[in-house]
Amino acid sequence: MNRLRDKEIRPGDRWVYSAGFNVAPDLRDTVRIDAELPDLERILHAGGRVAILSHQGSHGDADELDHVAAYLTDRLGSAVGYVRDNDTAGAARLARALRPGTATLFGNTRRHAGEQRNDPELARRFAALGDAVAVGGFSKAHRAHASNAGILRFLPGYVTDSVLREVALLEPWAGVSDRFSVAVLGGVKREKTVIGLDAVSRAYDVVVPGGVVLNSLLRALGHDVGASDLGDDPDGCLRVARAVLGRANRARIHIPRHVVVTRGGAARTVAVEQIPPGWSIADLVPLPWLRDALTRLVGDGGRAFIAGTPCRYAAGFRDSAEQLLAAFAAPGVDALLMGGDTIAELPWEGRVSTGGGAALHFLAHGTCPVLDAVRTGSEGTT
Ligand SMILES: Nc1ncnc2c1ncn2[C@@H]1O[C@H](COP(=O)(O)OP(=O)(O)O)[C@@H](O)[C@H]1O
Ligand SMILES: O=C(OP(=O)(O)O)[C@H](O)COP(=O)(O)O
């Protein structure tokens, strides 16, 4: 795979930098931006000219990336412009007019329907912003889109150190280990269930579902989950939840007997068979065997990860997360938190991966579609 670190960069070279700057506009967490600074600096210090492409996806109505440009200006110590257009002749002109050693952030790639469809015409227009692509943005490495995979049909691609660091970081959490292994899968995105639950229940000793993963499993067990969040692919998650429950797994899957449910400002703890209509699950109550498993994790010095918050932590439902995090932070435990909102919301000083879905894809398959696209120089496979 072509690596940015091996590529000679000459003054004036024109680069597209495909980044994963999908962070909340309040910049409460900047890990995803900070991770890419050394690669950007390498190009800029060599006199390269950089057109940055990123998406802004899952933060309410946020559509602009100007907050990121302001932050980059601050961290890189030179003005990073912000241009809303990214696929027009005007955008290409501005990219060509960049001075050596400077960067401009172009607008949200997700504004185009063709980004997620990996439309070759959109990719061709993105490609007009440079002569080579630095493929960063590990958090979107599971998405073969126009700006990170399709564009490689038109320009040579070089994987960044930020991505290679994540791949190396994840290695110890892949596959079966003789270390006691605990995985927490929560949050709201489908990948936590359709990739994470499916793969990790075969490889880990304990799986603790929360969020949509738990809600899907409870549905698969025949429970009515009231108004609980079912995410963006309820049927797909239900199908995988049923399949996982219907087969033999290495993991013991923690299905709580009680959950905390909310409606409006009210909250109460109920049995999973008795979730009232209109109420939604906000947290789970750990069973005694899970507390024993966490004691073993600490005693044995095992490995653990959280991909997706297990509860609505930011809304104040914190009990399960605090018990899990206390064990994960113990000396001797190797624990990793993965994903944008997970890292932003949970109090954690330890190791993190900027990818949620991407990290799970990598753990499940040993690669990601965008890494494959850099290898083959085409648009990837999914
Ligand atoms: N039971 C739940 N119901 C609704 N939302 C939940 C629940 N548990 C967790 N969440 C939400 O999931 C979000 C994180 O989901 P996700 O986007 O999948 O994670 P990440 O960005 O880390 O990959 C958090 O903002 C949290 O509030
Ligand atoms: O936030 C992201 O992924 P994550 O929530 O799986 O960590 C990435 O920016 C990918 O976003 P997407 O899941 O909207 O394609």
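This is a predicted model: local features need pLDDT of at least 70, side-chain atom pairs count only at pLDDT 80 or more; totals for chains, interfaces and linings use all residues.
Residues are numbered from 1 along each chain as its sequence is written, chains are lettered from A and ligands numbered from 1 in the order in which they are written, and side-chain values use heavy atoms, with hydrogens and water left out.

**View 1. Strand S13 and its two partners.**
Strand S13 covers residues 303-307; helices (H or I, at least four residues) and strands (E, at least two) are DSSP runs, numbered from the N terminus. S13 pairs with strand S7 (residues 181-185) in the parallel sense over five bridges, where pairing requires that DSSP finds at least two bridges between two strands. Val184 has Ile306 of S13 as its bridge partner. Strand S14 (residues 334-338) also runs parallel to S13 and is joined to S13 by five bridges. Together with helix H12 (residues 319-328), S13 and S14 make a right-handed β-α-β unit; right-handed means that, with the strands pointing away from the viewer, the path from the first strand over the helix to the second runs clockwise.

**View 2. The two faces of S13.**
In a regular strand the side chains alternate between the two faces of the sheet. Arg303, Phe305 and Ala307 are buried on one side of S13, and Ala304 and Ile306 are buried on the other. Buried means under 20% relative accessible area, exposed over 50%, and partly exposed in between (1.4 Å probe, protein chains only).

**View 3. Helix H10 and the cysteines.**
Pro234 belongs to helix H10 (residues 234-245) and is partly exposed, at a relative accessible area of 29%. Cys237 is buried, at 1% relative accessibility, and Cys368 is buried at 0%. A disulfide is a pair of cysteine sulfur atoms within 2.5 Å, and the count comes to zero. For Cys237, the nearest cysteine sulfur is that of Cys311, 18 Å away.

**View 4. The largest pocket.**
This pocket has a volume of about 890 Å³. Of its 47 lining residues, Gly187, Val188, Lys189, Lys192 and Asp341 are the closest to its centre. Helix H8 (191-203), helix H9 (211-220), strand S12 (280-285) and helix H13 (340-345) each give two or more residues to the lining, and S12 gives the most, with five. On a 1 Å grid over the protein atoms alone, a pocket is an open set of points with protein on both sides within 12 Å along at least five of seven lines, a cavity is a set where a 1.4 Å probe fits but cannot get out, and lining residues have an atom within 4 Å of a point. Grid points are joined across faces, edges and corners, and a volume is the space filled by probe spheres set on the points.

**View 5. The cavities.**
The structure holds two cavities of 30 Å³ or more. The largest cavity has a volume of about 110 Å³. Its lining consists of 14 residues, with Asn22, Val23, Asp29, Gly340 and Ala344 nearest the centre; H13 gives the most, four residues. The second largest cavity has a volume of about 70 Å³, and helix H7 (residues 161-170) supplies the largest share of its lining, three residues.
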